Every structure is written in structure tokens, then in C-alpha cells.
Amino acid sequence: MENESINFIDKAIEIAKQSTCERAKCGSIIVKDNVIIGQGFNSPPSNLESQRRCNNSKENYHKKVTDKTCCVHAEQRAIMDALKNNPTRLKNSTLYFIRLSKENEKQFAGNPYCTICSKMALDVGIKEFILMHKDGIKSYNTEEYNQLSYNYKS
């Protein structure tokens, strides 16, 4: 599974390079039966410059604004892409996620923390998240990922 995961992470890297976010470049792919069924990168909604929030301070948002990220998440885009093009294949699929530096170098993932993406993944039936950590590639059952996201402390 390690080599297979590396190949899919490499594909997510190529998707992440399309990101237009000015804070972080992220890419995600969703795989079922070794076939990519969804892909996405982070950028403003509909890639509209008028919706860019990359330079807004998170502290300026009202406390009820729970998603303080500036762009549509790569995972969200991958899920929407799969729903549009492969809706019957999402159940028991795998989501791969990668973050890149501004120089397009791989960055290691931290602990799961995005409840928006984890809830969406649970809702559409994604089975697992794959992240690359300093100590290797880690697979998270989506329920576990969601719980870890809710328990996250910065």
C-alpha cells in the first residue's frame, strides 16, 4: 500500500500546483479501485478574484464564522468533483491530501483539524483519509479523522 499511496500523493501534488491560494497550496484526490474519481485544489470560490480572502486576518472574523480559511478547500473541491462526475463511486473511497510550500515542495501534514472537510467526507461515504507525516504515510478511518478534528487543540 505504501508505494500505491506514494503514487497517489504524487498525483495530488500535481493538482496542488494549480492552487491559487496565497496562504497555502493544497491538493486532494479521491480514489476508488485505483482510479481517481475526484480531484481538487484550494482557491477562492469559482476562482473569483473578487472573493479572494487570502490576506484577511483570521482574528477579524466574527466568532460565528467557524471556517476562517480563505479559500475553498482542496478536499471540498475533490468531493464536489466526485459528486459531479462519479457520484455512485464515492462510498468506501479514499481521500489523499497534500500541502505544498510556495516553492512546490511537499510539506508534512499536522494533526487532523478540519471538521468541515471531515464531516463532508463522512456524509458522502469516503472510507479513509491519507496524509503524509514526518514518520511516513498515515491512513485515518474517516470517523476517526472527524473525531480527531473535533478534538484538535492548536
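Let's start with Arg77. Arg77 lies over the face of Phe41, 5.7 Å from the ring centre. Keep in mind that this is a predicted model.

There is another charge over a ring, at Lys138. Its charged end sits over the ring of Tyr140, at 4.7 Å from the centre. Tyr140 also belongs to an aromatic cluster, together with Phe129 and Tyr145.

Now the ring pairs. How many aromatic pairs does the structure hold? Four. I'll take two of them.

Tyr113 with Tyr152 comes up here. This pair is tilted, with 5.4 Å centre to centre and 45 degrees between the planes. The pair links distant parts of the chain, 39 residues apart. Tyr113 is in the loop between strand S4 (106–107) and helix H3 (115–124). Tyr152 is in the segment after helix H4 (142–151). Buried or exposed? Tyr113 has 46% relative accessibility, so it counts as partly exposed. Tyr152 is partly exposed too, because its relative accessibility is 36%.

Next, Phe129 and Tyr145. Why does this pair count as stacked? The planes are at 5 degrees, and stacked means under 30. The ring centres are 3.7 Å apart. Phe129 sits in strand S5 (residues 128–133) and Tyr145 in helix H4, so the pair ties together parts 16 residues apart in sequence. Phe129 is at 0% relative accessibility, so it counts as buried. Tyr145, at 5%, is buried as well.

To recap: Tyr113 and Tyr152 make a tilted pair, and both residues are partly exposed. Phe129 and Tyr145 make a stacked pair, and both are buried.

Definitions and conventions
Residues numbered from 1 in each chain as written. Predicted model: local features only at pLDDT ≥ 70, side-chain atom pairs only at ≥ 80, totals over all residues. Heavy atoms only, no water. Phe/Tyr/Trp six-rings, centres within 6.5 Å; stacked < 30°, edge-to-face > 60°. Helix = DSSP H or I, 4+ residues; strand = E, 2+ residues; numbered from the N terminus. Buried < 20%, exposed > 50% of the residue type's maximum accessible area, 1.4 Å probe, protein only. Lys NZ or Arg CZ within 6 Å of the ring centre and 35° of its normal.
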